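Please keep the sequence and the structure in view while reading.

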Amino acid sequence: MLTTAPRGTKDILPQEIENWRYVEAAMRRICAQFGYKEIRTPVFEHTELFKRGIGDTTDVVEKEMYTFTDRGERSITLRPENTASAVRAFCEHKMYAEPAPTKLYYIGPMFRYDRPQAGRYRQFHQFGIEALGVDSPAIDAEAILLAVTILKELGLKDLHLKINSVGCPNCRPQHRAKLQDYFRPHLEGMCSDCKSRFERNPLRLLDCKVPHDHEIAAGAPSLEECLCEECREHFEGVKKLLTAAGVDFEVDNTLVRGLDYYTKTAFEIQYVPLGAQSAVCGGGRYDGLVKEIGGQDVSGIGFAMGMERILLALESQNLLPEHKDGIDAFIVCPNQDNLEAAFKTAIALRQAGLKTEFDFLARSMKAQMKQAGRLNAKFAVIFGDDELARGAVTLKNMAESTQTEIPVDDIVTILQTEVQKYE
Ligand code: AMP
């Protein structure tokens with residue numbers, strides 16, 4: 001138990017880190033191209049922020065939050081997503097005073113008490129963006145394009161983009177009434193979540209995962225018929241721009257996102273080969289959120305991508321580059337009497353910017369050479385008694401298996417020059 005990570009969490013091991021960095025670097029690069037700046041918010045917030053921001057009737061708030069009372073009797077929640085926090089920061093730091101839009105991105109761990117399985121964890125990582133302060137459909141299209149650009153740049157094909165409009169507080173009441181009329185006769189046989197959401201948030205019945213309920217939901221009246229003029233125009237604007245940008249999409253009128261704050265545009269990108277956990281990206285517009293958490297009436301749009309799912313997808317398609325780990329120099333020092341000189345040399349080499357390793361276990365000469373090979377060292381610097389007596393050490397080029405004697409005083413300059421030849 002003590003040597004096992006909690007259920008639904010996992011270590012990201014040194015041999016996996018390069019993959020994460022590779023994906024993160026692509027995200028950062030493309031965010032810079034699109035004018036998004038990074039924000040890092042705390043991993044915990046006041047519970048109320050998520051209740052208000054995400055919505056009381058959502059699965060995330062009802063069932064999945066890691067909530068606890070801290071020693072100061074405050075209710076605290078580990079962030080289950082980053083939008084509410086980013087919006088909180090937007091208000092707290094008066095970012096609305098800057099010219100719109102405010103374009104933010106984040107990468108970090110999120111926490112949900114989910115049912116763990118491949119691609120679904122309790123601590124997982126999301127990359128996401130938020131653009132605040134612009135109503136134009138162009139920013140929706142740009143956000144979607146940014147998501148698609150990242151996934152394509154990473155080499156993922158078989159992407160399936162679904163978009164919908166979930167309306168606004170003006171047109172949703174009609175849709176809500178229609179939905180209730182439709183679901184009322186079926187309600188008796190539906191799950192307890194559906195029953196409890198029927199009054200509070202009937203839109204969420206469209207999203208139920210219980211197969212029987214899902215089938216019923218498939219026949220529900222479409223929201224598109226109920227959209228008000230403004231929402232309809234906005235949706236048309238998004239579709240037009242996506243088409244102009246050459247982005248393939250499917251309009252899916254049953255797409256409602258799990259979080260309550262969405263208005264107008266909702267979208268999801270699936271990477272079909274992932275199967276059950278194929279959703280790699282989800283997002284939408286949230287025009288009511290800033291006000292809901294106590295800020296001004298500022299609109300917003302954003303999305304989040306699951307890092308683990310993207311990595312799974314890249315791995316399954318062999319799309320991750322090979323990383324060759326290695327060091328510049330390994331100091332071989334079999335005689336412990338020479339340890340101090342070898343140790344100082346390691347310091348000098350590192351100060352000169354060279355990746356340098358050292359033997360800590362007083363291993364034999366042979367074992368140390370083996371270790372140099374294992375660490376993929378370009379050079380072994382051998383502190384042998386005979387050479388040291390002449391004020392020299394042996395420099396062995398590991399790849400070419402050649403060796404020369406060099407003066408101790410010149411180790412740093414010679415190695416710097418030699419290593420450069422390999423760059
Ligand atoms: P959401 O914040 O629920 O809209 O999710 C956005 C994206 O985060 C999803 O499309 C997934 O890729 C990812 N995601 C959500 N929940 C989890 C989880 N429990 N484990 C791993 N990835 C997740």
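A polar contact is a pair of N or O atoms within 3.5 Å; within protein, one atom must be able to donate a hydrogen and the other to accept it, and residues adjacent in sequence count only if both atoms are side-chain atoms. By this criterion, a polar backbone atom of glycine 306 lies 3.2 Å from an oxygen atom of the ligand. Taken alone, the ligand exposes 480 Å², of which the protein buries 91% (areas by the Shrake-Rupley method with a 1.4 Å probe; for residues, only the protein chains shown count as cover).

The model is predicted: local features need pLDDT of at least 70 and side-chain atom pairs count only at pLDDT 80 or more, whereas totals for chains, interfaces and linings use all residues. Residues are numbered from 1 along each chain as its sequence is written, and side-chain values use heavy atoms, with hydrogens and water left out.

Around the ligand there are 14 residues (a heavy atom within 4 Å), of which Arg112, Asp114, Tyr121, Arg257 and Ala279 come nearest. The side chain of aspartate 114 places an N or O atom 3.0 Å from a nitrogen atom of the ligand, while a backbone N or O atom of alanine 279 is 2.9 Å from a ligand oxygen atom. Strand β10 gives the largest share, three residues. By class, the shell holds six nonpolar residues (Ala, Val, Leu, Ile, Met, Phe, Trp, Tyr, Cys and Pro), five charged (Asp, Glu, Lys and Arg) and three polar (the others, Gly among them).

How is strand β11 set into the structure? Strand β6 (residues 123-132) pairs with β11 in the antiparallel sense over seven bridges (pairing requires at least two DSSP bridges). Strand β10 (residues 279-285) is also antiparallel to β11, over five bridges. Phenylalanine 303 has isoleucine 129 as a bridge partner and stands opposite glycine 283.

Valine 298 lies in the loop between α10 (289-292) and β11. This valine counts as buried because its relative accessibility is 11%.

Methods
Helix = DSSP H or I, 4+ residues; strand = E, 2+ residues; numbered from the N terminus. Buried < 20%, exposed > 50% of the residue type's maximum accessible area, 1.4 Å probe, protein only.
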